[in-house]
Structures are given as C-alpha cells and as structure tokens.
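Visitor: I'd like a quick walk through this one. Could you bring it up on the screen?

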Amino acid sequence: MQATASAHRLHLFSPFTPAAFTARGSTARRRNAAATVRMALKVEGPSLAVVGVTGAVGQEFLRVLSDRDFPYRSLRLLASRRSAGRRIEFEGREYVVEELREESFDGVDVALFSAGGSVSREMGPAAVERGTVVVDNSSAFRMDPGVPLVIPEVNPDAMAHIRLAGRAKGALIANPNCSTIICLMAATPLHRHAKVVRMVVSTYQAASGAGAAAMEELEKQTREVLGGKQPTCEIFKQQYAFNLFSHNAPVLSNGYNEEEMKLVKETRKIWNDMDVKVTATCIRVPVMRAHAESVNLQFEKPLDEETARQILKGAAGVVVIDDRASNHFPTPLEVSNKDHVAVGRIRQDLSQEGNLGLDVFVCGDQIRKGAALNAVQIAEMLL
C-alpha cells in the first residue's frame, strides 16, 4: 500500500515509548527492516495476528518478529476500538489496525496476545475455537492446569504436544510473568545440577512492567522534579522519579502482593515441583525497561560458585557479567533491548554450610525477554 499522511500512523521503529530510552538500536532496525521483507513474508509461513499491537509489548512483538525473521504468510494487527484505524508501517508495508472481534481470528494460525487479562479471558477462548494457537502474555491462563506455562530455554517439553502441522483445533499457551522468566533463566540451569529446595527473590522492577504510559510518566516526572515542579502522579499514586516503593500490585490477605505470588506459583508450575519453597519481595524502581533481581538459592546437593559460574556460562540465553576486580556486574542499561539475561555477583551463601547455597544477581529486559521475545520463541516452537 502507498503511504498516506495520517495523524494516526504509528511508525514501528520511531520512539513510541520515551525517545531517550528506545532510540538505541532503532537506526539499525530501520536498516534491517527492508532487508528482511522477503525473508519474513513467506507463503508457507503461518497466518499471524498480534493483539494489543499499539501497546509497549505489542510494539515489541513486531520488533522481535522482524529481528528474528519470523516467517508468516499474512499479518493481522488488532487492538481496541480506540486504536482501530491507526496505521503501522512494518517491514516495508503499511497495515491498518483492526478492532479486536471474535471473527478477527478466522483463518489465523497463531495469535500473540498482550492486551490484558480481561481481554485474554474473553478473546483467547474465542480464538482457540476458531483454530488459532494463542500465546498469551497476561496472567489469565497461567495457573490453568490445562494450559502450558512455558519458557523455551527452561521447559519446552510442556508444549511438546502443540504444533501447527496437522492441527485441527486451537490451543492456549501462557507466557510467564516477566519477573519469573528473568529469574528462572538463571536459576534453572543451577536447579538442574543441584536441585533448588528454597529460593528467595528480591526484584527491582522497571516502569515498562506497567506499560508505555508508566514509562512516559516516569520521564515526565523526572523532568518535573528536576524543574522544581510537583510530579504528575496518574499511573502511580505517588512520586516515582527518584524514588522506589513496594510493587503496585494489590496486596493479598497473606501479606504478599499479586506480583510476588506470581513468582511463587509460576516457579512451581514451570519446574513441576510443588515442594520447592519460594518467597519474593517485589519493588518498583525508577528504571525505564529492564528488571533486576537478587536471587538466593538453597540446594539439595552441594554446588560451588566456580561450577555454578561455568554452568551459567553454558546456559542458553544467559550472559555472565561477573568481574569482581573492576566491580562490574549486570545493570539494567546493559540488558535493555537485548535478548539475553545477564547474571553476576555469583557467590557462595556464607550463611549455609557445605556449599548448599548461592547468591546471584540477574538483569533482563522486561519488554523483550520478559515478554515479547519469550512469546515469539514459543511461536517458533510451533512451526
């Protein structure tokens, strides 16, 4: 289609989220986009839909699909009525965003969902009834016993029974919570070697976990505070810039908030181990798009730190940054817009005897590996 002037056109590789934090790498992606058109658009590929395409994760879905040359024969971009009609340029073509309806999934093989739990609960089953395999980024189906909860590097066998070839009906696959993905990317290789019996996690979570509007508010508040003005508090009900606070998820009767309990429950399901003990404290910090986590592990069998370091160096999707001499360890900036998670501060837990405990520090991009990349990797496994 010919490009036309429109106030509603959304350029995929322009700064949809705050420019200072998303521009990095955008030039290279623009150059790469034209080169990948013929690679990604393939007659033998699946028909694909992206639900919630105008949101932060929806936009990242498209970036990841392009970066990984995901093959598709057709692409449908879906969002709420408010966003319908917007135009998105993707891989040299212009697409019009369609309003999400049940019939939107007619003829769609794979749908990537990131539009919130209520939309997923309504539209996910409707898509499955029409033969679509749904990869859902919300919490709607994660704890459903019949729905696989998958990190491809961790538990790919959980979805081994779901493939596109010869499939007569749809299916649901759940994407874990971002903090769970980032944590288990580091913890699972060690768990396989020495079996984790208890895990204590403290998270330091970025604005991106609350969406594009939260990222914009953090940038706006930062400017306001530096300018001596009162910060605008709309997404969060307190100052976020130059501050940190307990994660904004609702607090439950047991004193944990919902974010913390996601880490507990999802870890047990993904590891298929209802006996592993997990506790978490989740904190929101004024970082734009990458989470950090301090993870303390107690093992059934001894594991020394050098062996752990070598295990992590060989783990898929993991990069070790652990330079004690120069005090260089993972940071959110180093993993922003990156596919891997970074692990450092690998050390023996001195409170546990016999090499039965380790501490590690993990950083990962919440929007990328913590959401969009993981979902696209799941979709790749269906092919």
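Guide: At the start of α8, a side-chain oxygen of Asp-304 comes to within 3.1 Å of the backbone nitrogen of Glu-306. That is a polar contact (a pair of N or O atoms within 3.5 Å; within protein, one must be able to donate a hydrogen and the other to accept it, and residues adjacent in sequence count only if both atoms are side-chain atoms). Helices (H or I, at least four residues) and strands (E, at least two) are DSSP runs, numbered from the N terminus. Bear in mind that this is a predicted model, where local features need pLDDT of at least 70, side-chain atom pairs count only at pLDDT 80 or more, and totals for chains, interfaces and linings use all residues. Residues are numbered from 1 along each chain as its sequence is written, and side-chain values use heavy atoms, with hydrogens and water left out.

Visitor: Which residues of α8 are buried?

Guide: Buried means under 20% relative accessible area, with a 1.4 Å probe and protein chains only. Helix α8 covers residues 305-313, and the buried ones there are Ala-308, Arg-309 and Leu-312.

Visitor: Which backbone nitrogen lies 2.9 Å from a polar atom of the His-291 side chain?

Guide: His-291 sits in strand β13 (residues 290-299). The backbone nitrogen at 2.9 Å from its side-chain polar atom belongs to Ala-206.

Key: Buried means under 20% relative accessible area, exposed over 50%, partly exposed in between (1.4 Å probe, protein chains only).
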